[in-house]
Amino acid sequence: MSCSISTLSILLSILIIIHSIRSAANPSAPNIRNDSDSLRKGSSDYGNIVHEIPTGVLYPSTEKDIIDLIRSRSPLTVAARGRGHSVRGQAMAGGGVVVDMTALGGKGGRIQISKSSSGMYADVGGEQLWIDVLRAAVAEGVAPVSWTDYVYLSVGGTLSNAGISGQAFLHGPQIANVVELDVITGKGEFMSCSRTRNPELFYGVLGGLGQFGIITRARIILDKAPTRVKWAKLLYSNFTTFSRDQEYLISNNCSNYVEGFLITNENAANEWTSSSPSRQDDVAALLKKQGILYAIELVKYYDNQTAATIDEEFETLLKELKYMSGYNMTTDASFVDFIARVGNLDNETPPLQSHPWLNLFIPKSGIFDFNAGVLAGMLPKLNHTSGIFIFYPLNRNKWDERMSAVVPDEEVFYALSLLHSTPQDDYHYIDEFNQGILEFCRRKGIEVKQYLPNIKSKQEWIHQFGSKWPTIQKRKAMFDPNTILSPGQRIFNSA
Ligand SMILES: Cc1cc2nc3c(=O)[nH]c(=O)nc-3n(C[C@H](O)[C@H](O)[C@H](O)COP(=O)(O)OP(=O)(O)OC[C@H]3O[C@@H](n4cnc5c(N)ncnc54)[C@H](O)[C@@H]3O)c2cc1C
């Protein structure tokens with residue numbers, strides 16, 4: 001395998017050098033670069049699976065640089081690149097120009113916190129990272145209400161998808177907590193938009209997979225920041241009890257964050273057993289018997305005013321849940337440490353792994369079949385792979401139907417993230433596994449929607465968007481009629 005890995009990497013390097021020499025012969029705008037470092041960055045992402053080489057990378061110092069690029073009509077395609085945390089080339093533009101959004105933030109000052117009687121919000125450059133929004137807001141005693149698990153993601157990148165984490169059941173995804181945007185459309189027009197001003201663009205861009213415009217500013221809703229959190233992890237052996245408790249938790253406002261994890265090997269169960277060898281044997285036996293265990297992660301925020309009562313409130317909440325007796329862990333952490341709990345994963349250079357992830361939204365009506373067939377059926381057989389498997393329910397009434405993001409047509413649906421890691425380029429067996437899951441859902445009539453979609457054909461895209469497809473087509477014709485934006489999503493330029 002190492003032979004084919006190095007062969008592929010060497011091939012990519014040679015292609016990048018050839019592209020770099022060829023493009024150097026065609027000078028373009030001054031801040032478009034085509035050196036091999038730029039082309040390598042423009043043709044790579046977190047997935048490390050797709051590599052589309054652009055002709056150049058634009059490093060914009062102002063919005064005008066992006067407008068000029070689009071108006072020049074010289075590149076056939078243009079893709080904004082937030083931080084390249086996509087896993088299937090969604091932020092690439094093979095043969096076009098990648099816009100490195102980080103360059104916009106070069107001068108600083110692109111996170112402004114406002115607190116007034118009319119509301120509290122952050123005006124944030126589309127290139128900014130959520131970790132920096134967190135730091136700037138908390139310094140003023142406020143914070144966004146909806147997050148992603150990982151906060152080294154760009155604001156423009158997550159708003160182009162949805163932005164979900166354990167707070168979304170209560171506040172909706174990040175796209176539901178934005179009140180205004182500045183956008184550069186595929187026609188090179190700079191437009192401000194909101195629910196009342198240019199609403200078609202506003203709703204289009206939120207969850208719009210980069211298809212209708214490039215977000216250069218977002219106004220994000222803030223609330224008073226808590227200072228600390230009570231944070232529990234609860235173990236379950238029974239899916240019915242686990243999903244009932246999860247759904248109970250998202251049906252009331254007693255907690256601030258609810259997620260869940262799927263445990264298919266003993267390493268993942270270690271958290272619950274490291275302090276007790278007898279428990280280790282029990283959990284190992286259970287895992288052997290049923291192949292999977294489930295865990296709920298639950299958080300309640302507090303601050304100085306509620307510090308005296310939080311322990312009692314949290315205990316009362318835990319008492320209502322039916323986790324495996326004795327298999328619960330509770331910690332106390334600062335709010336910032338909790339939100340930034342995953343840390344910074346971006347130091348892996350050069351990338352040594354591929355990430356063939358599958359993210360799905362599954363309607364509640366199919367969840368027992370899905371558990372039997374996929375979670376308890378297929379997933380335990382993959383225990384030779386490394387990965388994190390996240391699974392939790394969300395409330396559809398917290399999503400705005402007018403936005404481009406798509407979710408199942410049921411009041412409660414589950415988010416599943418199968419975050420696989422494989423040795424670089426050794427991901428094909430996971431692709432087959434992921435495909436097997438989608439086929440299972442088709443066979444069983446479970447109408448899943450892909451999140452962070454990896455879709456290759458027009459027909460599948462039409463199915464993914466469902467009843468929103470005519471709106472998506474209309475918005476494309478209005479804001480990007482020459483279909484130049486974010487070609488890596490393969491929506492309007494797929495077969
Ligand atoms: C380790 C890790 C953890 C993650 N955790 C979560 C999570 O908890 N919840 C969650 O919801 N997602 C999560 N994601 C997925 C993440 O939301 C997407 O990768 C998203 O694309 C953000 O990454 P990015 O900012 O690097 O965007 P990119 O990958 O650079 O871009 C994504 C898409 O958006 C377009 N785009 C980028 N910037 C803009 C802009 N300013 N305007 C318009 N279009 C733009 C790109 O062209 C591309 O099509 C995670 C990803 C990783 C790698």
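The model is a predicted one, in which local features need pLDDT of at least 70 and side-chain atom pairs count only at pLDDT 80 or more, while totals for chains, interfaces and linings use all residues. Residues are numbered from 1 along each chain as its sequence is written, and side-chain values use heavy atoms, with hydrogens and water left out.

- The chain is divided into domain 1 (2-101), domain 2 (109-224), domain 3 (228-339) and domain 4 (353-454), with bounds that come from an automatic or database domain assignment.
- Taken over C-alpha atoms, the centres of domain 3 and domain 4 are separated by 22 Å, and the contact (heavy atoms within 4.5 Å) takes 18 residues from domain 3 and 20 residues from domain 4.
- About 1600 Å² is buried between domain 3 and domain 4, with carbon and sulfur atoms giving 62% of that area; buried area here is the accessible area (1.4 Å probe) that two parts lose on being put together, summed over both.
- On the domain 3 side, Phe239, Ile250 and Leu262 lose the most area to domain 4, and together they account for 37% of what that side buries.
- The rule finds one salt bridge across the interface of domain 3 and domain 4, where a salt bridge is a side-chain nitrogen of Lys or Arg within 4 Å of a carboxyl oxygen of Asp or Glu.

**Helix H11**

- Helix H11 (residues 310-319) has Ile310, Phe314, Leu317 and Leu318 as its buried residues, buried meaning under 20% relative accessible area, exposed over 50% and partly exposed in between (1.4 Å probe, protein chains only).
- Seen down the axis of H11, these buried residues fall within an arc of 100°, so they line one face of the helix; the arc is that of the directions from the helix axis to the C-beta atoms.
- The face of H11 turned away from its buried side carries the exposed residues Glu312 and Lys319.
- The buried residues of H11 pack against helix H8 (239-251) and against strands E11 (228-236), E13 (293-302) and E14 (328-334); helices (H or I, at least four residues) and strands (E, at least two) are DSSP runs, numbered from the N terminus.

**Strands E5 and E6**

- Strands E5 (residues 111-116) and E6 (residues 119-125) run antiparallel and are joined by six bridges, where two strands pair if DSSP finds at least two bridges between them.
- A hairpin of two residues joins E5 to E6, and serine 114 stands opposite tyrosine 121 in E6.

**Alanine 268**

- Alanine 268 lies in helix H9 (residues 266-273) and is partly exposed, with a relative accessible area of 32%.
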